[in-house]
Amino acid sequence: MSVEFNHTIVLSRDREKSAHFLASILGLEVGEPAGMFLPVTTANGVTLDFAGVDIEIPAQHYAFLVSEDEFDGILARLVESGTPIQADPPGRHPRRINRNDGGRGVYFTDPSGHGMEAITRPYGSDPASPLNGVTEDVPGAC
C-alpha cells in the first residue's frame with residue numbers, strides 16, 4: 001500500500017463555526033460529529049477533523065488544490081461573505097489573488113486564525129511561467 005494522507009485535526013475555538021465556515025467557502029459538506037470531532041472531507045478523501053478547544057491556538061496553514069471552476073466559486077463566496085483575501089501569506093497584496101505557476105491562488109483566514117489557501121496549480125508546477133509573481137485585483141473583495 002502506498003502512503004496517503006488521511007486526516008488531520010484542526011483546533012478551533014468553536015468547531016461548529018470553523019467547520020461550517022470552511023465547508024461553505026470550499027463548497028463542501030460538514031459531516032456528522034464523531035466524538036469531539038466535526039469532519040469536513042475533501043474530494044480526495046482527506047478529512048479535516050475540527051475540534052473545539054479552550055487554549056491558545058497556534059495558527060496553522062491549510063492549502064487546497066482546486067479546479068479553475070471551483071476557484072471561481074470559492075472566490076465568489078469569499079467576496080460575498082466579506083472575508084478578507086490576499087495574494088500572499090504575509091498580506092502585502094490585500095484584495096488580490098496570485099497567478100503563480102500559471103494558475104490562481106488566494107489566501108484567507110478562518111474564524112480561529114488559521115491561514116487557508118486555495119490554488120489551481122501545485123507549487124512549482126510551472127517555474128518558468130511569466131505569471132509567477134503577478135497579482136490581480138478582485139473587485140468587491142475585502
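A residue counts as buried when its relative accessible area is under 20%. Keep that cut-off in mind for this predicted model.

Start with Arg99. Arg99 sits in the loop between strand 6 (96-98) and strand 7 (105-109). Its relative accessibility is 16%, so Arg99 counts as buried. What does the side chain of Arg99 make a polar contact with? The partner is the side chain of Glu136, at 2.8 Å.

Next, take Glu117. This residue belongs to strand 8, which covers residues 115-119. Glu117 is buried too, yet it has no salt bridge. The nearest side chain of opposite charge is that of Arg92, and it lies 12 Å away. A salt bridge needs a side-chain nitrogen of Lys or Arg within 4 Å of a carboxyl oxygen of Asp or Glu. Glu117 does have a polar contact, however: its side chain is joined to the side chain of His61 at 2.8 Å.

Now turn to the open space. Rolling a probe the size of a water molecule over the atoms shows where empty space is left. The largest pocket holds about 400 Å³ of space. Its lining is made up of 16 residues, and the closest to the pocket centre are Thr42, Asn44, Ala63, Phe64 and Leu65.

Which elements each supply at least two residues of this lining? They are strand 4 (61-65) and helix 2 (68-81). Strand 4 gives the most, with four residues.

Note on methods: Residues are numbered from 1 along each chain as its sequence is written. This is a predicted model: local features need pLDDT of at least 70, side-chain atom pairs count only at pLDDT 80 or more; totals for chains, interfaces and linings use all residues. Side-chain values use heavy atoms; hydrogens and water are left out. On a 1 Å grid over the protein atoms alone, a cavity is a set of points where a 1.4 Å probe fits but cannot get out, and a pocket is an open set with protein on both sides within 12 Å along at least five of seven lines; lining residues have an atom within 4 Å of a point. Grid points are joined across faces, edges and corners, and a volume is the space filled by probe spheres set on the points. Buried means under 20% relative accessible area, exposed over 50%, partly exposed in between (1.4 Å probe, protein chains only). Lys and Arg count as positive and Asp and Glu as negative; His and the chain ends are not counted. A polar contact is a pair of N or O atoms within 3.5 Å; within protein, one must be able to donate a hydrogen and the other to accept it, and residues adjacent in sequence count only if both atoms are side-chain atoms.
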